[in-house]
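Open the model in your viewer and keep the selection tool ready.

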Amino acid sequence: MTDKLSVILIGAGNMGGAMFQSWVRAGILDPARSAVITPNPKPWLLDLSDETGIPINPVDDGEGYDIAVLAVKPQMFADVLPGLSWPNMEKTVFVSVAAGLPIGEIENLLKSNIAEPHVVRGMPNLPVSVGEGLTLMASGQAVSDAEQANVKRLLACAGDVIVMEDEDGLDRYVGTSGSGTALALLLVEAMEDAAMSLGAGEAAARRMAEQVFVGAAALLKSDDRPASELRAAVTSKGGTTAAGLAVLDDDENGLRPLMKRAVDAAYARARELAGK
């Protein structure tokens, strides 16, 4: 049996709350050694606390925690991190899910209490809220292989996890992973608009567009073939699908160059936020 983890979640907003619920569903937390810190706990969190025995805003931190997940807003880190205190903090791995704050900056904010902070950055996307997320993670130099494995196991409760070789990977692929969900949803919106322009009602257009993307995602998960092969398999030469793809797959003005510009813009903004 795999050991359960002692985790403190700091910040239980949309992302932190979704991750916490995934940990509870997976049964990965040790209730007696875990906790949640949040100023205004929502009813669902109070209910989960009652159900699991995991305390909210505890007075006694016991022996400390294996992992502290930092899910507060980036602008709050400078106020929150220096004030954190519990026994054996030097043994805690701090996992930030805040965009734009580099590992070095987080380490500096923790050094008022810890000589050598162990910091991991994670970049989850919105589908973690339904257990189908993708989280990219990168570890600071002080993080051991065993600590990284525990963090990956925790984050994997909400979906897939990819470990980056370096921290810059989180910024390079933000347009594909973190921001990619919004880009995909924009495609759904565009398909809805196109259907309505041809006479479909709003409800019917939404139902068609949404189900097309849900079905495509299910197909990708159930079939080992790459997207290019699956696309080719449903494209008859000279048919309606080929006519539509001819517009979207134009080398100069089609979807590919447009998507490249979108992910490049996300990468550039991520570097700006990180002060690079």
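Select helix 1 (14-26) and helix 2 (43-52). Their axes come within 12 Å and cross at roughly 25 degrees. Axes are lines fitted to C-alpha atoms, for helices over the stretch in contact, and angles run from 0 to 180 degrees between N-to-C directions. Helices are DSSP runs (H or I, at least four residues), as are strands (E, at least two), numbered from the N terminus. Helix 1 and helix 2 are therefore roughly parallel; that term covers angles under 35 degrees. Helix 1 passes helix 2 in a left-handed crossing, with the near helix turned anticlockwise from the far one by less than a right angle.

This is a predicted model, where local features need pLDDT of at least 70, side-chain atom pairs count only at pLDDT 80 or more, and totals for chains, interfaces and linings use all residues. Residues are numbered from 1 along each chain, and side-chain values use heavy atoms, without hydrogens and water.

Now show side chains. G17, F20, Q21 and V24 of helix 1 meet W44, L45, L48 and T52 of helix 2; contact means heavy atoms within 4.5 Å. Five of these contact residues are nonpolar, three polar and none charged. Ala, Val, Leu, Ile, Met, Phe, Trp, Tyr, Cys and Pro count as nonpolar, Asp, Glu, Lys and Arg as charged, and the others, Gly among them, as polar.

Next, select residues 180-197 and 202-222: helix 7 and helix 8. They pack at about 140 degrees, with axes 8 Å apart. They are therefore oblique to each other. Helix 7 passes helix 8 in a right-handed crossing. Among the contact residues are L187 and M191 of helix 7 and A205 and F213 of helix 8. The contact has 11 nonpolar, no polar and four charged residues.

Last stop: select M15, A71, V72, K73 and V97. Of the 47 residues lining the second largest pocket, these lie nearest its centre. The lining holds 28 nonpolar, 13 polar and six charged residues.

Note on methods
Angles under 35 degrees count as roughly parallel, over 145 as roughly antiparallel, 65 to 115 as roughly perpendicular and the rest as oblique. On a 1 Å grid over the protein atoms alone, a cavity is a set of points where a 1.4 Å probe fits but cannot get out, and a pocket is an open set with protein on both sides within 12 Å along at least five of seven lines; lining residues have an atom within 4 Å of a point.
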